[in-house]
4 protein chains.
Amino acid sequence: MAKKAGVLGATGSVGQRFILLLSKHPEFEIHALGASSRSAGKSYKDAVSWKQTDILPESAQNVVVQTCEPEDKFKECDIVFSGLDSDVAGEVEKKFVEAGLAVVSNAKNYRREKDVPLVVPIVNPEHLDIIENKVKKSKAEGKKTGYLICISNCSTAGLVAPLKPLVEKFGPIDALTATTLQAISGAGFSPGVSGMDILDNIVPYISGEEDKLEWETKKILGLLNKEGTEVVNIPEEDMKVSAQCNRVPVIDGHTECISLRFAKRPPPSVEDVKNVLREYVCDAAKLGCHSAPKQTIHVLEQEDRPQPRLDRERDNGYGVSVGTIREDSLLDFKMVVLSHNTVIGAAGSGILIAEILNAKGLI
Amino acid sequence: MAKKAGVLGATGSVGQRFILLLSKHPEFEIHALGASSRSAGKSYKDAVSWKQTDILPESAQNVVVQTCEPEDKFKECDIVFSGLDSDVAGEVEKKFVEAGLAVVSNAKNYRREKDVPLVVPIVNPEHLDIIENKVKKSKAEGKKTGYLICISNCSTAGLVAPLKPLVEKFGPIDALTATTLQAISGAGFSPGVSGMDILDNIVPYISGEEDKLEWETKKILGLLNKEGTEVVNIPEEDMKVSAQCNRVPVIDGHTECISLRFAKRPPPSVEDVKNVLREYVCDAAKLGCHSAPKQTIHVLEQEDRPQPRLDRERDNGYGVSVGTIREDSLLDFKMVVLSHNTVIGAAGSGILIAEILNAKGLI
Amino acid sequence: MAKKAGVLGATGSVGQRFILLLSKHPEFEIHALGASSRSAGKSYKDAVSWKQTDILPESAQNVVVQTCEPEDKFKECDIVFSGLDSDVAGEVEKKFVEAGLAVVSNAKNYRREKDVPLVVPIVNPEHLDIIENKVKKSKAEGKKTGYLICISNCSTAGLVAPLKPLVEKFGPIDALTATTLQAISGAGFSPGVSGMDILDNIVPYISGEEDKLEWETKKILGLLNKEGTEVVNIPEEDMKVSAQCNRVPVIDGHTECISLRFAKRPPPSVEDVKNVLREYVCDAAKLGCHSAPKQTIHVLEQEDRPQPRLDRERDNGYGVSVGTIREDSLLDFKMVVLSHNTVIGAAGSGILIAEILNAKGLI
Amino acid sequence: MAKKAGVLGATGSVGQRFILLLSKHPEFEIHALGASSRSAGKSYKDAVSWKQTDILPESAQNVVVQTCEPEDKFKECDIVFSGLDSDVAGEVEKKFVEAGLAVVSNAKNYRREKDVPLVVPIVNPEHLDIIENKVKKSKAEGKKTGYLICISNCSTAGLVAPLKPLVEKFGPIDALTATTLQAISGAGFSPGVSGMDILDNIVPYISGEEDKLEWETKKILGLLNKEGTEVVNIPEEDMKVSAQCNRVPVIDGHTECISLRFAKRPPPSVEDVKNVLREYVCDAAKLGCHSAPKQTIHVLEQEDRPQPRLDRERDNGYGVSVGTIREDSLLDFKMVVLSHNTVIGAAGSGILIAEILNAKGLI
């Protein structure tokens with residue numbers, strides 16, 4: 001039977017993406033939609049200014065929007081996806097978890113909490129063990145527990161995808177640079193990035209983005225503590241990460257020019273690196289999750305790829321493309337990573353996390 | 001009296017820019033225009049498919065185009081600017097120099113010759129001493145000599161502008177990374193970059209560009225040998241340069257995200273760096289050259305600048321903008337550099353080089 | 001059993017679209033691929049510079065490309081799709097038809113031949129009766145006949161879609177204006193429209209386009225002669241068509257601002273017009289063709305729609321969107337029509353025409 | 001001596017353009033800047049988020065912003081330019097006029113008042129006779145009068161430029177269609193048009209625009225009443241105007257595809273039309289106004305022109321370009337008109353109106 005799904009911030013751009021993905025999903029059904037009090041009480045189709053390239057799904061059109069309180073339909077949800085803005089997400093999500101609900105959030109508010117897994121589902125689903133342990137413990141105590149899982153920042157998601165298998169195979173990366181060329185869809189659309197700012201232009205600044213990318217990478221690649229209750233970040237001194245973030249005139253798809261150095265000498269060869277990336281099968285795929293990419297990482301051999309317009313839709317946006325892998329004169333390797341920022345970098349990851357939770361019986 | 005100027009490759013995009021700049025120039029007049037045999041014999045206005053935002057200057061309209069041989073009008077030129085494609089530039093420019101002409105070329109063919117100065121006029125005009133020495137020597141021998149000066153690659157020009165005053169003040173830079181977001185005008189317009197490749201897209205590849213940027217930087221920042229006849233590049237092992245080059249949907253203006261490390265410890269402060277950049281006055285300005293920027297480097301303090309559309313025209317495209325100067329977790333500093341690729345990165349540099357030559361009595 | 005399909009001009013942009021659509025098609029299989037002698041002998045994946053957002057289908061990768069002669073694999077084809085450029089299409093297609101093959105062509109060469117149906121499959125499949133009659137006659141004579149069907153110009157396809165049901169219901173349209181805002185994908189990609197021509201720009205000219213749009217509309221809306229062997233265009237004096245064609249910075253999707261006047265007075269109401277458009281079911285849909293749109297014409301009620309990025313993919317690009325239908329102060333009505341230029345305006349129409357032929361037993 | 005100029009709405013996009021034009025103007029000096037109470041009391045450079053491609057002029061940087069009341073510095077102004085949004089312009093401008101000030105406004109609020117001239121300075125400066133008459137009358141009465149002049153809508157300004165000389169020469173136009181492709185700069189930048197709405201897209205709707213274009217054309221081409229106190233619009237039944245307005249991904253420059261019919265039969269020839277346009281010299285040029293275009297209308301002969309990126313800057317944006325003039329199958333002629341929407345379509349027109357007033361001794 002389909003799991004009941006709720007969406008917080010349902011009228012926003014991330015919320016709309018959640019709804020689109022849920023509407024076609026075999027395991028979930030849209031059960032509750034939450035937005036501001038301005039929208040509450042209206043049918044979703046009247047509350048939303050729908051801006052997706054797919055039409056507004058029928059299954060969502062007539063759902064009556066409620067406020068973002070853990071009441072009514074939300075109380076019946078097996079899983080709640082949050083597309084809330086960070087200025088309200090903090091309080092709302094806290095209430096939902098305290099009310100015993102399972103929340104997967106795209107907001108940044110709790111990403112740095114040690115006991116909140118920050119998960120890119122094709123990279124570190126093992127961090128969900130924190131949740132598994134928590135749920136087991138509660139069950140043992142005869143209680144039901146709410147919990148929160150955070151989706152990573154969009155530019156972090158693409159970056160860590162190739163890093164994970166490389167670290168698994170070749171050991172720690174001790175230096176990493178990433179210059180991003182980020183699509184505008186991540187900024188939403190009301191107003192999002194202004195046309196005057198982005199036509200025939202580049203904006204070499206995204207508020208807070210460089211810090212997020214540098215910090216989150218070290219959490220996502222970190223390990224759990226012995227008790228399986230917290231994530232231990234890779235220490236600052238073990239891994240230098242340097243990011244420069246830019247907004248570019250691209251609708252969807254973040255391109256990242258990265259270079260990296262392995263701690264171990266001598267480093268592997270370019271061919272070794274390519275092979276490891278090609279052979280990587282993410283756990284979500286092994287679990288047979290519906291949205292898991294068939295090919296987690298696409299290693300492209302053409303010298304001018306990946307390109308966002310041509311490559312962002314691989315594996316429905318759940319696959320990450322890596323190209324122009326070559327030796328670097330400063331660190332060991334440089335390469336270009338492309339990921340779909342609204343799929344693996346946002347709502348799509350939320351859905352795949354929920355699929356993993358479902359496969360593991362955690363919702 | 002105005003110096004007679006010739007333009008090789010006059011119908012191409014670089015040639016058109018030379019003509020535009022010359023048509024308004026107080027020191028030069030358009031005297032000879034060279035193009036392929038298909039165009040030869042036609043008036044310029046009939047030969048060219050003019051694609052500039054300024055209208056075709058009257059002073060060029062009726063000049064009869066000749067072939068690219070050091071004959072006729074070209075023989076009377078004081079200075080010849082070459083906007084030729086590299087597939088023909090090699091042979092033509094050689095002939096012109098052998099015929100005793102002074103040539104300033106935008107082509108890449110001879111950039112790596114040790115006795116050919118590779119000059120960004122706001123950065124290393126002192127490399128023109130090679131020419132001065134050569135001319136003096138010839139004069140002493142009672143002869144007239146031709147010579148060649150190369151304009152640097154467009155993405156190199158912007159990069160080295162802030163590096164020069166920093167190295168002068170704080171000593172050698174031993175590590176440098178640069179990820180470029182390059183405008184399409186540099187690729188010309190027939191066909192140049194295809195619209196299908198660049199609308200809603202990024203191309204993470206420009207043929208040969210990374211190598212040029214890495215190599216040329218070490219020549220431009222190098223010193224002359226004792227005899228003043230050759231440039232000695234900074235040795236590979238003293239300065240690691242790592243470049244990643246991208247084409248982006250911007251008409252004019254190359255944005256470069258760079259990071260760098262000084263050899264000397266401890267490094268200067270961010271404020272030190274800003275001050276040195278702000279106070280830098282290029283030699284061309286000191287010489288009073290017509291096109292020299294009033295402010296060579298604009299240090300922008302807004303966190304989201306420089307931006308190509310807003311900042312590329314500073315000092316008519318001869319000024320370079322640098323922003324978001326901040327400490328880097330891997331190297332010492334990171335910053336964003338913006339330069340106008342068709343001005344300081346191409347034809348404009350050629351004109352300013354000629355102004356310096358003129359100021360020094362070398363043409 | 002799948003019908004054997006050939007593609008002429010297989011490496012070009014239209015050819016690539018044919019291959020993509022065929023590779024996923026239940027009724028056709030890729031059997032022969034033809035290109036220039038430069039590509040002949042190579043496997044398709046080596047011959048093509050693939051530029052589609054979907055990856056190169058496996059079923060095409062290893063097909064050995066042959067020249068565009070009605071030989072070898074082409075002779076075994078049930079249907080041949082031509083994506084050839086008009087400079088070679090004329091002769092090649094003639095040879096193929098003379099060799100007894102069924103050809104559906106995207107080229108303009110034979111569109112104005114009276115006995116060649118010019119078909120937008122959601123609009124005038126009844127013009128295929130010419131083919132049916134020809135085939136029957138040949139069969140009766142114990143012979144096999146080749147034939148040619150032309151796909152309309154891309155901007156014509158979108159325009160005539162709403163006109164057809166309106167004319168059927170309200171009688172002749174005697175005046176029509178159409179100003180087009182056409183996507184660049186229609187111009188191909190090597191080089192197609194130059195980036196310098198289309199970034200931050202509009203080009204108010206597409207060679208031959210206005211004439212095509214004005215002429216083809218009168219053929220597509222015309223009737224067959226009594227014998228069912230030729231199309232009789234609507235006479236010039238009965239229907240004035242005035243077109244102005246522009247290229248705009250959009251990847252896919254032609255937007256057309258049209259206004260029209262019915263010959264009959266009084267004209268219908270806006271609501272009448274909307275209802276007729278909404279209720280229109282094209283014959284291809286009635287025949288149950290695989291690619292036929294579920295909703296032939298989408299009447300959009302939001303005042304700012306249709307928009308190419310949001311609406312071009314409706315019914316996989318086979319549906320046409322019409323919006324802002326309102327009274328006009330000069331003619332009767334104005335409205336905005338959006339159609340997908342590479343689907344219903346090119347290769348996609350070719351495939352749907354073949355589906356109709358197949359449904360009617362004509363291949 | 002320079003006239004003292006004030007700017008209302010000084011921090012907005014139109015206000016910024018006024019300031020830029022005034023800062024370089026020989027006849028005016030920036031004297032008063034007005035904005036919301038949030039900005040009042042700050043120096044302009046601290047109050048504004050400057051978004052122009054020219055840097056913030058020194059003469060404006062330290063002007064202390066005041067509220068939009070006819071007090072303090074504003075009272076000393078010879079002329080006040082209003083770049084206010086229409087939601088506040090109505091009341092503020094009324095107060096300023098009542099306080100005896102001369103106001104030139106870009107807002108739409110009073111454009112339809114019969115005694116308020118709606119002026120495109122290269123088209124109908126004769127409507128300023130209303131002001132002249134008013135000022136004379138007041139002077140005769142020993143009083144000083146305030147007055148208001150409205151700048152037309154941006155898309156109207158370009159449209160009427162070629163119409164004026166045509167009507168003067170060939171008599172009334174009785175039918176006119178205009179489909180516009182409008183740049184985004186007209187919508188301002190906070191937020192203006194969203195990047196998600198305009199990248200790889202067209203928006204076939206601009207609120208109120210079609211109605212403005214249809215109505216204003218008939219006022220601007222109208223005559224004054226006998227008393228010279230009011231404008232009499234061309235009657236609806238004498239001139240049918242039909243507009244369709246679109247927003248396109250262009251920074252500056254409105255392209256308009258128009259067709260028109262003269263009332264008189266037979267119509268002139270294409271060459272007649274071109275000649276009249278070429279020979280048109282606007283009154284502002286005859287008066288020797290500083291900003292008046294040298295060539296009011298540029299008739300372009302290349303078949304693919306005008307184009308916004310290449311032609312918008314002609315005569316510093318005060319010249320209008322017209323191309324592809326050809327016969328029309330429905331009306332008499334079709335052509336493409338390009339005008340710079342922030343110059344002749346907004347602030348620039350305001351400045352040129354003020355120059356005319358100054359030349360006539362009305363300020």
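Helix α9 (residues 209-220) of chain D contains 12 residues and extends 16 Å from its first C-alpha to its last, close to the 16 Å expected at 1.5 Å a residue. The expected span of a helix is 1.5 Å times one less than its number of residues. Helices (H or I, at least four residues) and strands (E, at least two) are taken as DSSP runs and numbered from the N terminus. The model is predicted: local features need pLDDT of at least 70, side-chain atom pairs count only at pLDDT 80 or more, and totals for chains, interfaces and linings use all residues. Residues are numbered from 1 along each chain as its sequence is written, chains are lettered from A and ligands numbered from 1 in the order in which they are written, and side-chain values use heavy atoms, with hydrogens and water left out.

Of the 12 residues of α9(D), 10 are buried, so this helix is largely enclosed by the rest of the structure. Here, buried means under 20% relative accessible area, exposed means over 50%, and partly exposed lies in between (1.4 Å probe, protein chains only). Among the buried residues of α9(D) are E209(D), K212(D), L213(D), T217(D) and I220(D).

In chain A, an unreviewed UniProt entry lists residues 4-131 as "domain: Semialdehyde dehydrogenase NAD-binding". Over residues 4-131 the chain is 30% helix and 20% strand, and the end C-alpha atoms are 19 Å apart. UniProt positions are given in the numbering used here, feature names are shortened, and annotations may be inferred rather than shown by experiment.

The UniProt annotation "active site", again from an unreviewed entry, covers C154(A) and H254(A). Although these residues are spread over 101 residues of sequence, they cluster in space, with a largest C-alpha distance of 8.1 Å. C154(A) belongs to helix α7 (residues 154-170) of chain A, and its relative accessible area of 15% makes it buried. Contact denotes heavy atoms within 4.5 Å. Leaving aside neighbours within four places in sequence, C154(A) is in contact with Q182(A), E209(A), H254(A), S339(A), N341(A) and G345(A).

H254(A) is placed in strand β12 (residues 254-262) of chain A and is buried, with a relative accessible area of 0%. Residues up to four places away in sequence not being counted, the residues that H254(A) touches include C154(A), S155(A), L181(A), Q182(A) and N341(A). The side chains of H254(A) and Q182(A) are joined by a polar contact of 3.3 Å. A polar contact is a pair of N or O atoms within 3.5 Å; within protein, one must be able to donate a hydrogen and the other to accept it, and residues adjacent in sequence count only if both atoms are side-chain atoms.

In chain C, C245(C) lies in strand β11 (residues 240-247) and counts as buried at 2% relative accessibility. C245(C) and E256(C) are 11 residues apart in sequence, and their C-alpha atoms are 9.0 Å apart in space. With neighbours within four places in sequence left aside, the contacts of C245(C) include T180(C), Q182(C), Y205(C), E209(C) and L213(C).

The interfaces between chains are considered next. The size of an interface is often given as the accessible area lost when the parts come together. Buried area is accordingly the accessible area (1.4 Å probe) that two parts lose on being put together, summed over both. Chain B and chain A bury about 3,700 Å² between them, 53% of it on carbon and sulfur atoms. In chain B, D200(B), Q244(B) and L330(B) lose the most area to chain A, together 18% of what that side buries. The contact brings together 46 residues of chain B and 47 residues of chain A. Across this interface there are 8 salt bridges, a salt bridge being a side-chain nitrogen of Lys or Arg within 4 Å of a carboxyl oxygen of Asp or Glu. One of them joins R312(B) and D200(A), with the closest N and O atoms 2.9 Å apart. The interface of chain B and chain A also has 25 residue pairs in polar contact (both at pLDDT 80 or more). The largest share of the side of chain B that touches chain A, 6 residues, comes from β11(B).

Between chain B and chain C, about 1,400 Å² is buried, 74% of it on carbon and sulfur atoms. M196(B), L199(B) and I251(B) supply 44% of the area that chain B buries against chain C, more than any other three residues. Each chain's part in the contact is 16 residues from chain B and 16 residues from chain C. This interface has 2 salt bridges, including that between K51(B) and D197(C), whose closest N and O atoms are 2.9 Å apart.
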